[in-house]
Amino acid sequence: MKKLSILIILTLSLSISYAGGEKYVQKMESTIAKLDTASSLNSFLQVANMFERIAAVEKTEWLPSYYAAYAYVIANYMESSKKKRDLILDKAVVLTSESDSLNPDNVEITLLKAYIYSARLSVKPGSRGREYGIKTANMLSKALEMDNNNPRYYLLKGQDLFYTPPMFGGDKQEAKKHFEKALNKYDVFQLETSIHPNWGKDRTEYLLKQCTKEE
Amino acid sequence: MKKLILIFLVLPLSMVGQTTIKGIVSDNEGNPVPYANIYLKNTYDGTSSDINGNFEFSTSEKGSLVFGASCIGYKSFEQEITIKQENVNINPVLEIEINELDMVVITAGAFEASDEKKAVVLKPIDIVTTAGSQGDIYGAIQKLPGTQIIGEREGLFVRGGDASETKTIIDNLVVQNPYYSPVPDVPQRSRFYPFLFDGTMFSSGGYSAIYGQALSSALVLKTLDIADTTNTSFGINLVGANASHTQKWNNGSIAIGGNYTNTKPYFQINNTNTEWDLEPIAYSGEIIFRQKLTKTGMLKLHTTYDTSEESLFYPGTDYVDQKKKFEQHNNNYYINSTYRDIFSENWSYYLGTSYSKDNDDINNGGIGIESVEEMAQAKVILTRHFQTYNNVKFGGEVQNLFVNEVYDTLNGKVDETYKASFLETNYFITKKLAARVGVRYEHSSIINKSNVAPRISLAYKTGKESQISLAFGHFYQKPENVYLYQTTNLEFEKANHYIFNYQWLGEDRTFRIELYDKEYKDLVKNTDNQSIWLNNSGDGYARGVDIFWRDKKTIPFSDFWISYSFIDTKRKYRDFPVSATPTFVSKHTMNFVYKYWISAITTSVSLTYSFASGRPYYNPNDNIDFHSQLTPNYHNISLSMSKLTSIFGHFTVVYASLDNVLNRENVFGYRFIDEGNGNYTRINVRPAGLRTFFIGAFISIQ
């Protein structure tokens, strides 16, 4: 019994005093869970803040700033003012480059960059369509070259094809094929760790439904 | 018992030093900041403030820590705090970050265009899709307030000034021949097409000390930087065909293009008022090169060469039914190169040089005219940046102009060196109040005179989306070459501008009203004195108001603008016997431009209605006061459409336009032919064509 108590005390003290590592993973897991359940503009901004706080502590980890940027990208779509959307995307850009400097040539970060270009375009499609359409396409091609099994590539490429007007190369049939491929890739995708990016399946399913609705 | 000990051991561990940190975060104007990031540096602890700026979180950290608060749109707040046992109460204040989008902008006299961050008015795509502009920059600018509708000549006639009072400036360098050479009653297009440019700033007065030698206004154009992609494009339309290839690499691009113009099909299809002998034919080529030489340095090179010829018969005024033949051959070579870079944390610089040579070989009713105009210039601008958008710019420029014109047996020459230096500061006194103060010194060797011109602008932000702006300045311009051939004993012509402007910029709507007063002095005047043909005794004034409303929101998928100008102007200059309104001025001018996007067929359609009240004309009959009568009012309705499509997957635009839909015979003025018996026959100065149709297509292959 005495041995048990000592063991318990040691375990408790160890788990409390051990910062970083496991604590980091736990913190990330709980914040990612909050990200998955966030639905309003403000909840996404709050989650972004949480990831920023983690990023400020974990100066060698690329994931916290990556997720903060991702949360800002999702948040931007919920903001109605164009000016504020650009400010939110500016924040996402800064965080993405921080993440990039910690883990260069990473396919998830490359895909996130493409997502940001696509979001920029959607703020002012009339004037940004040409410039950001090209930037999005180039960045997605780069990601595809890095890894042709990442489901998020097929989601983002499909999204691009879905929302781009046909006269600029949009194609809802092609988009549908990409979404279907994305779902296949999601099913077999192996996560490197429990906190590696795994988002997008719900969005893919939603967009696929939109494709079939339009038929 | 043992379980109890365990609980006692566990409890204190979980209660160890939990301190609560709470407070309210607000901005420097006293408003709460919702959803701000509140954190303890180097820990995970923190929270976001709620909608009222309140926050509360607990931490087990102890000792000296840095507490921080941050939010998008604000400067971050950090403060060292010491955490002991007690709860901490802290109310951070976040300073609002001056964002370019919120800042006050000097707008008096300036229409900033195509720059997303400022007062956006015109983008290149706006220019090409504006009905009645015929894809020409100057055609589109004529739909903005402050400009006169002049259908018989090229150039911008701004606020009572003639075309020579406006200068076209590309990448800070003056362009000597921005339009093709003049042809009687046929307005010429500009040599540059809209898609070359990233930024268009049309100043209707009060422009910066960096530019000079324009009494009325400056059209300041900035070319695009490195091309977006490698592509090959082809265009074909009723007046010719063009092709260009752009190659892009990591830090640069080069574009090479050629253009063949043959206006015969255009004049066959459209009824023209002009009697052509040889419809205009032109060939041109251009090279546009961009390269980033260092991480921050950009080299730009632009060179064009074009050659054109045309001949026509136009009504002479020597006798009734006289037809004079006008033949013209023209060559023009232009090159400009600029380099900009930063050379330390606070300094940036710009270097620019250009050279142009224009040759005209003309035969006008048997009189031979040959002219050569060569201009070389160099300019340097140094900018010292201070924190948050303040800066001081200074620099200098030199222009060497050589003109040789042979008119029959007469020979006129201009050989001149023009030097100028300038100093200007942009200073944000507060986020709401900005000032631009500058001075420009100029010297012209041919008249051997100098001048010093102050330029001051102020802008004050009256509300979130509105501001007022004031501008004042002196503007000098040397006399036109045609006067310098006769005598160089002349002064600079001068105009003093006083401008007041109010602007409201909503997210998709713009309203502008601008009042101005220009006082002209020292204008070149013919004298009655036989020994001094010309002097600078002329003067004049121009006063008026320009109103502009643009709306992209009220009508769905539509973008329209209304511009109205009122001007009261008189001058006594050149050969005017009395002070009078010049013939190129309409008292009231109105443009209504409407664009509608039909997304189902990816087509944009545009309608423009232009109105100008009658213009004065010279009537030589006796007992008629000089310039006292007006031509009929001018009305013009134009339609245009442009369709975006793709051919084999390549981006294609097809465009068509119909100008003067109602086929109205507008009259720009009159000419009088002396019948010899004291009577005069009057003929109309008409537009080059009535209802005219234009169609073209453009494809970009990547």
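**Starting from one proline**

Author: Let's begin with Pro64(A), which sits in helix H4 of chain A. Helices (H or I, at least four residues) and strands (E, at least two) are DSSP runs, numbered from the N terminus. Before going on, this is a predicted model, where local features need pLDDT of at least 70, side-chain atom pairs count only at pLDDT 80 or more, and totals for chains, interfaces and linings use all residues. Residues are numbered from 1 along each chain as its sequence is written, chains are lettered from A and ligands numbered from 1 in the order in which they are written, and side-chain values use heavy atoms, with hydrogens and water left out.

Reader: Ok! Is Pro64(A) buried or exposed?

Author: Pro64(A) counts as buried, at 0% relative accessibility. Buried means under 20% relative accessible area, exposed over 50%, and partly exposed in between (1.4 Å probe, protein chains only).

Reader: What does Pro64(A) touch?

Author: Leaving out residues up to four places away in sequence, Pro64(A) touches Tyr24(A), Met28(A), Phe51(A), Ile54(A) and Ala55(A). Contact here means heavy atoms within 4.5 Å.

Reader: Which residues touch the most other members of the largest nonpolar core?

Author: Met28(A), Leu35(A), Phe51(A), Leu63(A), Tyr66(A), Tyr67(A) and Phe179(A) do, in a core of 57 residues. The largest share of this core, 11 residues, comes from helix H4 (residues 63-76) of chain A. There is also a second, separate core of 29 residues, and among its members are Tyr207(B), Met375(B), Ile381(B) and Tyr483(B). A nonpolar core is a set of buried Ala, Val, Leu, Ile, Met, Phe, Trp, Tyr and Cys residues joined through side-chain atoms within 4.5 Å. In soluble globular proteins, nonpolar side chains tend to be buried together.

Reader: New topic: how far does H6 of chain A reach?

Author: Helix H6 (residues 107-123) of chain A has 17 residues and reaches 25 Å from its first C-alpha to its last, close to the 24 Å expected at 1.5 Å a residue. That expected span is 1.5 Å times one less than the number of residues. H6(A) is mostly covered, with 14 of its 17 residues buried.

Reader: What caps its N-terminal end?

Author: Asn106(A) does: one of its side-chain oxygens lies 2.7 Å from the backbone nitrogen of Glu108(A).

Reader: Switching to chain B, how many helices and strands are there?

Author: Chain B has five helices and 40 strands. Its C-alpha trace spans about 135 × 60 × 45 Å along the principal axes. Of its 702 residues, 51% count as buried.

Reader: How do S33 and S36 of chain B pair?

Author: Strand S33 (residues 603-612) and strand S36 (residues 634-647) of chain B pair in the antiparallel sense over 10 bridges. Two strands pair if DSSP finds at least two bridges between them. Tyr609(B) has Ile637(B) in S36(B) as its bridge partner. S36(B) also pairs with strand S37 (residues 650-659) of chain B, in the antiparallel sense over nine bridges. There, Thr645(B) stands opposite Thr652(B) in S37(B).

Reader: What about the hairpin of S36(B) and S37(B), which residue takes a positive phi?

Author: Phe648(B) does, near 50°, and the hairpin has two residues between the strands. Most residues other than glycine have a negative phi. Gln213(B) has a positive value too, near 65°, and is found in the loop between strand S13 (197-203) and strand S14 (217-223) of chain B. Asn448(B) has a positive phi of about 55°, in the loop between strand S25 (433-444) and strand S26 (449-461) of chain B.

Reader: Is Gln213(B) buried or exposed? And Asn448(B), buried or exposed?

Author: Gln213(B) is buried, with a relative accessible area of 8%, whereas Asn448(B) counts as exposed at 57%.

Reader: Last one: how many disulfides are there over all chains?

Author: Zero, from a search of the whole structure. A disulfide is a pair of cysteine sulfur atoms within 2.5 Å. As for cysteines, Cys211(A) counts as buried at 4% relative accessibility, and Cys71(B) counts as buried at 18%.

Key
A polar contact is a pair of N or O atoms within 3.5 Å; within protein, one must be able to donate a hydrogen and the other to accept it, and residues adjacent in sequence count only if both atoms are side-chain atoms.
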